[in-house]
Amino acid sequence: MSQNPVIFWFRQDLRLTDNPGLAAAIRHGAPVIPVYILDDEGEGDWPLGGASRWWLHHSLESLGQSIKKKGGGLVLRHGPSLDILRGIIHQSRATGVFWNRRYEPDIIKRDTRIKSQLQSDGLEVHSFNGALLFEPWEIENKSGSPFKVFTPFWRHCSSLTPDRYELHPAPPTDGDHWAPASLLSQLKGQSLQSLELLPDIRWDSGFPERWTPGESGAMDNLKQFVDGAFENYGAGRDFPAQRGTSRLSPHLHFGEISPRQIWNFLASRSPDSRWRQSQYVSEIGWREFANHLLYHFPTTPRKPLREEFEAFPWQDDEDQYKAWCGGRTGYPIVDAGMRELWTTGWMHNRVRMIVASFLVKHLLTSWNRGAAWFWDTLVDADLASNTLGWQWAAGCGADAAPYFRIFNPILQGEKFDPDGTYVRHWVPEIRPIPTKYIHKPWETPDSIQKHHGVIIGGDYPAPIVDHREGRQAALEAFETIKK
Ligand SMILES: Cc1cc2nc3c(=O)[nH]c(=O)nc-3n(C[C@H](O)[C@H](O)[C@H](O)COP(=O)(O)OP(=O)(O)OC[C@H]3O[C@@H](n4cnc5c(N)ncnc54)[C@H](O)[C@@H]3O)c2cc1C
């Protein structure tokens, strides 16, 4: 090998197409060593949850195969990022490191340190935006401050978006842009299995039928969505029994697809520019907003943005929390959501809002505990979006639902799952209950319960908290912190 190589460090950008860091490394002209490092400690306060590890295993498998098909080989390593990078640099005599940026506060600190250490070792280091339409620091309101309300934030962003983005093509199949096999074998990457990302107890058996992690799975999902549910997204997105949303969240989180690719794809399929004002595009905007907030308010994964909530009198009852996690609260729409989450690693957005509201308001359990459970069980667990979602539900974040607006889980169920299809699927023990009672099965007359062989309080729990009492207690708790 005549020329010293450079390293492309894959992180949450597990794709070959529209990967600006990878494209720049290849443009640089030196052979590229593609590396992924599993760095548990480097993730700081938020090491990967169990469901995310499952996703990562399969995503890396897919990425490794794609790189192989293009004539390269992905080097996998496990350990502290800086040590691993320095080891590879030492062995390969690499002269530069390229990566795409991440925006979690602990990662920003770690990456800043790594960048300056590598630069002082004499390396060139380049980082890029591969995850967002806008860098969080590029967007500010008229007084030069970060936005705290979504609508003006997204209006401002929308005025800056182009009709189409210039995408970075995937590396061509022929060509000698990858480091040669002889060097890769010297570097002795680890096997995917040795990263031990898959769980010992196979609670993940429901995941494979729902998901195809990896770049082509992401693109297939996007195509299926745009050719199908997109048209009716505004109305269909709230009904959890329908496949009304794109289910791209884990693909976006792991960077198997970029928001710019979604943008261009929508543009390519639409005869006019109306799609730009669609509800779907504004959801992509919420993802941008979540990252904007996390960047500007880095303490929010632990602390409420609205400081008065630090004094909130949470009750944190352990048995109730366990009943919530396990989908045994006695409220079918809540239990269905929690079981969907456990079985598939994902939950419909409307149901996320319902279960989150129920935990923080009816059960007076702190939003951090809900966020932690989601963190471990969601395949799309994302520090920016999860923090935003939980602080929204608890009323303590930017642009949050007012605290006193308390979701009624019975009415929410009746409105968004009117014939009970969703709850019957996920809570099979109440399947025979007539639709009239499906969202409040405790009201089913005894004779009907007996007739259908479903006893509430036996086969399925009675509600762990009465809705009216829970609501009242939540309002009283809120009074104690109101200014
Ligand atoms: C309590 C709570 C916790 C949440 N935790 C997460 C999380 O950890 N990771 C995560 O990706 N989303 C989270 N969300 C947001 C939202 O529920 C999911 O992004 C959405 O359900 C993913 O499904 P989808 O891909 O089919 O979404 P679609 O409706 O198809 O939306 C397209 C994309 O827009 C983005 N998006 C949509 N809604 C939101 C939102 N409210 N906030 C930020 N981005 C959004 C996602 O990237 C999504 O893939 C949370 C919401 C709540 C209420």
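Which residue has a backbone N or O atom 3.1 Å from an oxygen atom of the ligand? In this predicted model, that residue is Asp382. Local features were taken at pLDDT of at least 70 and side-chain atom pairs only at pLDDT 80 or more, while totals for chains, interfaces and linings use all residues. Residues are numbered from 1 along each chain as its sequence is written, and side-chain values use heavy atoms, without hydrogens and water.

Two further ligand oxygen distances were computed. A polar backbone atom of Ser249 lies 3.0 Å from an oxygen atom of the ligand, and an N or O atom in the side chain of Asn349 lies 2.7 Å from one. Taken alone, the ligand exposes 830 Å², of which the protein buries 95% (Shrake-Rupley method, 1.4 Å probe).

The ligand is surrounded by 28 residues (a heavy atom within 4 Å), and the closest are Tyr233, Thr245, Ser246, Arg247 and Asn349. By class, this shell has 15 nonpolar, 7 polar and 6 charged residues, with Gly counted as polar and Tyr as nonpolar. At least two shell residues come from each of helix 10 (249-253), helix 12 (279-296), helix 15 (349-362) and helix 17 (383-394), helices being DSSP runs (H or I) of at least four residues. Domain 2 (132-166 + 213-296) and domain 3 (307-479) each contribute at least three residues to the shell, with bounds from an automatic or database domain assignment.

Conventions
Polar contact = N/O pair within 3.5 Å; in protein donor to acceptor, adjacent residues only side chain to side chain.
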